[in-house]
Amino acid sequence: MESVKKILITGGAGFIGSHVVRRFVQQYPAYHIVNLDALTYAGNLENISDIENKPNYTFVKGDITDPDFINALFADHHFDGVIHLAAESHVDRSITDPMSFVKTNVIGTVNLLHAAKTAWANNAEGKRFYHISTDEVYGSLGQTGLFTETTPYDPNSPYSASKAGSDHFVRAYGETYGLPYVITNCSNNYGPNHFPEKFIPLLINNIIENKALPVYGDGKYTRDWLFVKDHAAAIDLVFHEGKNHETYNIGGFNEWQNIDLVKLLCAKMDAKLGREAGASEKLITYVKDRPGHDLRYAIDASKINSELGWKPSVTFEEGLELTIDWYLQNEAWLKNVTSGDYKNYYDKQYH
Ligand code: NAD
Ligand code: TDX
């Protein structure tokens, strides 16, 4: 992939996208990074304000669901590669508004595929369409077993169904039109800039504010957590060294039951905030379960490990410390994103 020069990254104002954009802008001065983001409730240019004036970086505000806009963007820019992260990403929102997930995740992805296919019709050599996807497409595990790249798709939520649909379209463009693509399916990320509708930043925010810590159902649901910068490193590696028409699973080798994770966070936050041991645990509140809640996700990341040499660089203890410290040092960011629309969402969700 040495010939790649101009790269489109979609969703670069969001949580994972902002870490990917920063990494590419800083590590590859010979590339020009175009960050396309619609700046929905989840997109925040503050996430990447440190790189906004870099000469190899351009931000474009735009919507991937608009085919005319996307086609014009590709005609203007002659992209050599696409790293596609823009999506509606929250499972709970997909339950109340599935259609916006179909629009962005399925139709938006197909718009991008179509534009890339058209732009690269005469010469796809050295080009690459990279779709960032999720382990949720595989559905739910029981108490044992791991998702591998050959686990059949079995999505249960409108979010995961829309991501599964977009993965299938990426593969279909590869098989039908020869589009060079790669897909990764990653486990739950956590880290700085994570929007506080998601579990870990929601807990951190509510512990700071002494608010109830909502645990769905019996709290025995299990997720495999990966520090976001390790995901960004994996994306860099797969973009440059992954094989076309392949899928790689990315995970943290780090399973936690939700209730154990809440207790760990409470203990760490009590220590950081100078509260009496056990103070935050008193905030734990069991609430109504998420409909269709997947019991357990766990990734077998041995393919990316053995073929490309990737593994997480931080332990969960280290990653959580970095994350909690970031939120404590960036209370203005937290206050900003938890006002306005977020507040309305939160009030509807939990009261
Ligand atoms: P996010 O919700 O934080 O960010 C999504 C970004 O996409 C936002 O900046 C938003 O403004 C933008 N966007 C949304 N709709 C758009 C549209 N129509 N046009 C242009 N931009 C639009 O999401 P995230 O957690 O950073 O996830 C990024 C990607 O990674 C998603 O594709 C998600 O499915 C995938 N993923 C996430 C996780 C995770 O744990 N967060 C794990 C595996 C895979
Ligand atoms: O208030 C809560 N209480 C609770 O018990 C919230 C928000 C969540 N939960 C549970 C549900 C899950 O078992 O915590 C777990 C994690 O929930 P989320 O943070 O909503 O993540 P999840 O549903 O697992 O999906 C995430 O990981 C895969 C991302 O949001 C997806 O975009 C990604 O693809």
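## Exercises on a predicted model

In this predicted model, helix H2 (residues 67-77) has Ile70, Leu73 and Phe74 as its buried residues.

**Exercise 1.** Work out how the buried residues of H2 are placed when you look down its axis.

*Solution.* Start with the view along the axis of H2: the buried residues fall within an arc of 95 degrees, so they line one face of the helix. Next, turn to the other side of H2, where you will find Asp68, Ala75 and Asp76 exposed. To tell the two groups apart, count the other C-beta atoms within 10 Å of a residue's own: 20 or more makes it buried, 12 or fewer exposed. Then look at what the buried residues pack against: strand E2 (32-37), strand E3 (57-61) and H4. Finally, step just past the end of H2, where His78 has a positive phi of about 50 degrees.

**Exercise 2.** Find which strands pair with E9, and in which sense.

*Solution.* Begin with E9 itself, residues 222-227: of its 6 residues, 5 are buried. Now take E7, which runs parallel to E9 and is joined to it by 3 bridges. Here Asn188 has Trp225 of E9 as its bridge partner. Then take E11 (residues 255-257), which pairs with E9 in the antiparallel sense, again over 3 bridges. This time Arg223 is partnered by Trp256 in E11.

**Exercise 3.** Describe the residues around ligand 1.

*Solution.* First, the shell holds 31 residues, and Gly11, Gly14, Ala42, Gly43 and Ala87 come nearest. Two or more residues each come from helix H1 (15-27), helix H4 (98-119), strand E5 (128-134) and strand E7 (188-190). Last, sort the shell by type: 13 nonpolar, 14 polar and 4 charged.

Terms used
Residues numbered from 1 in each chain as written. Chains lettered and ligands numbered in written order. Predicted model: local features only at pLDDT ≥ 70, side-chain atom pairs only at ≥ 80, totals over all residues. Near = placed C-beta within 6 Å. Helix = DSSP H or I, 4+ residues; strand = E, 2+ residues; numbered from the N terminus. Nonpolar A, V, L, I, M, F, W, Y, C, P; charged D, E, K, R; others polar. Arc of directions from axis to C-beta. Contact = placed C-beta atoms within 7 Å. Pairing = 2+ DSSP bridges.
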